[in-house]
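This report is an introduction for a reader who is meeting the structure for the first time. It moves from the overall picture to particular contacts.

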Amino acid sequence: MTLPDVEAVFRAEYGRAVAVLVRFLGDIDLAEEAVQDAFTTALRRWPETGVPPSPAGWIITTARNRAVDRLRREAGRDARHAQAALLHAADAPREEGPVHDERLRLVFTCCHPALAVQARVALTLRLLGGLTTAQIARAFLVPEPTMAQRLVRAKAKIRNARIPYRVPRDADLPDRLTGVLAVVYLIFNQGYEGEADLCTQALRLGRLLAELMPDEPEVTGLLALMLLVESRRPARQNEHGALVPLPEQDRARWDPALIAEGQSLVRQCLRRDRPGPYQLQAAIQAVHSDAPAPQATDWGQIRQLYDHLMTLAPSPVVALNRAVAVAETEGPAQALDLVDALDLDGYHVLHAVRADLLRRLGRDTEAERAYERAIELSQNPAERAYLERRRQELAGG
């Protein structure tokens with residue numbers, strides 16, 4: 001029994017244990033502290049006794065018992081609250097099997113629309129992913145006390161507003177599920193821009209949702225999208241750590257297992273024939289992953305998928321990505337007209353795309369200015385370095 005063994009159980013079972021304890025105790029803080037205490041006890045005991053047959057059950061039972069002991073010790077606690085929590089805990093079974101619905105309840109509680117988006121993200125990572133406050137703060141580039149306050153306020157909002165700990169009713173589920181998926185994808189995108197562990201957490205949450213909601217095609221679509229994008233991570237930087245854009249990546253370095261899994265999920269979505277935004281984005285990534293070389297990419301199919309996406313979920317960012325496909329199918333001049341019509345002046349990607357289109361049209365001076373604007377707006381050091389190299393190449397040429 002080693003420390004990595006306990007860490008593996010922590011990664012696999014922390015979210016489920018917290019979810020079960022929240023259900024029993026009705027108190028997020030108490031549940032979280034009890035589970036952390038149980039893992040501390042495991043670190044001390046398991047090296048001597050070995051891992052129990054049901055590690056998750058041991059953690060949940062130990063955490064529940066510690067929470068009950070604490071409630072009994074705290075004489076100053078509101079009597080009715082304490083008594084209710086003790087009754088919940090007393091009714092709980094001594095060992096826990098797979099309690100899938102508890103985690104699903106916690107996901108929807110963390111992502112309740114009454115909470116600010118950043119609070120939803122932080123709570124989801126904290127309670128379902130088991131990340132520390134310091135880890136979440138580093139990922140989102142804010143001071144640890146700021147993130148701690150966000151978590152405190154979010155938990156207080158859940159308590160004071162009496163946000164229900166349940167999966168929404170069927171009639172409310174589509175709207176609420178959209179918010180949950182948006183939070184998971186936001187976590188993934190934040191990680192893809194620099195903090196790789198966030199991508200790992202988002203994929204874990206995506207797999208969890210796919211396990212708990214196998215009949216929701218948009219859940220499957222989001223998981224497929226993240227897998228296909230993540231498959232390119234090994235090729236996204238060169239040996240010097242510099243950013244390598246998709247057309248220049250060494251496709252032999254893409255992860256074939258993730259591609260196969262993602263493409264299989266896309267095929268599942270196609271068979272269901274209930275298209276949604278995440279499924280269409282996953283299908284676009286599947287087309288990219290099918291091409292053995294950049295020049296073999298089926299841009300016509302990608303253009304059609306973006307046309308469909310613009311019908312289902314129109315946005316300026318989708319229109320920008322569609323313009324990239326138009327550049328490959330109809331030429332850079334037509335794409336530039338589309339880009340120039342978009343109201344995205346504060347978005348660095350627009351200026352990077354515009355710079356590339358201008359370069360392809362031989363309008364180098366304008367392209368250089370567009371690169372400068374993209375560099376000015378980008379917050380990612382690797383992206384800024386790449387754009388600066390492209391600008392210098394253009395100036396040198």
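## Overall picture

What percentage of the 397 residues of the protein count as buried? The share is 50%, where buried stands for a relative accessible area under 20%, exposed for over 50%, and partly exposed for what lies in between, with a 1.4 Å probe and protein chains only. The model is a predicted one, in which local features need pLDDT of at least 70 and side-chain atom pairs count only at pLDDT 80 or more, while totals for chains, interfaces and linings use all residues. Residues are numbered from 1 along each chain as its sequence is written, and side-chain values use heavy atoms, with hydrogens and water left out.

The protein has 19 helices and zero strands; these are DSSP runs numbered from the N terminus, with helices being H or I of at least four residues and strands being E of at least two. The C-alpha trace spans about 75 × 40 × 40 Å along its principal axes. Of the contacts (heavy atoms within 4.5 Å) with a separation of 6 or more, 64% are accounted for by residues 24 or more positions apart.

## Two packed helices

Helix α16 (residues 332-340) and helix α17 (residues 348-360) have axes that come within 9 Å and cross at roughly 150°, the axes being lines fitted to C-alpha atoms over the stretch in contact and the angles running from 0 to 180 degrees between N-to-C directions. That crossing makes α16 roughly antiparallel to α17, because angles over 145 degrees count as roughly antiparallel, under 35 as roughly parallel, 65 to 115 as roughly perpendicular and the rest as oblique.

On the α16 side the contact is made by Pro-332, Ala-335, Leu-336, Val-339 and Asp-340, and on the α17 side by Leu-350, Val-353, Arg-354, Leu-357, Leu-358 and Arg-360. Sorted by class, this contact has eight nonpolar, no polar and three charged residues, where Ala, Val, Leu, Ile, Met, Phe, Trp, Tyr, Cys and Pro count as nonpolar, Asp, Glu, Lys and Arg as charged, and the others, Gly among them, as polar.

## Salt bridges

Side chains of opposite charge can pair when their charged atoms come close. With a salt bridge taken as a side-chain nitrogen of Lys or Arg within 4 Å of a carboxyl oxygen of Asp or Glu, the count comes to 25. One of them joins the side chains of Arg-126 and Glu-32 at 2.9 Å, N to O. Arg-126 belongs to helix α6 (residues 117-128) and Glu-32 to helix α2 (residues 28-49), so the pair ties together parts that are 94 residues apart in sequence. Arg-126 and Glu-32 are both buried, and together with Asp-29 and Lys-155 they are linked in a network of salt bridges.

Another pair is Arg-390 and Glu-248, whose side chains meet at 3.6 Å, N to O. Arg-390 lies in helix α19 (residues 381-396) and Glu-248 in the loop between α11 (217-230) and α12 (256-272), so parts that are 142 residues apart in sequence are tied together. Arg-390 is buried, with a relative accessible area of 15%, whereas Glu-248, at 49%, counts as partly exposed.

## A buried valine

Val-180, found in helix α9 (residues 173-192), is buried with a relative accessible area of 0%. Leaving aside residues up to four places away in sequence, Val-180 touches Val-107, Phe-108, Cys-111 and Leu-209. The C-alpha atoms of Val-180 and Val-121 are separated by 9.4 Å, although the two residues are 59 residues apart along the chain.
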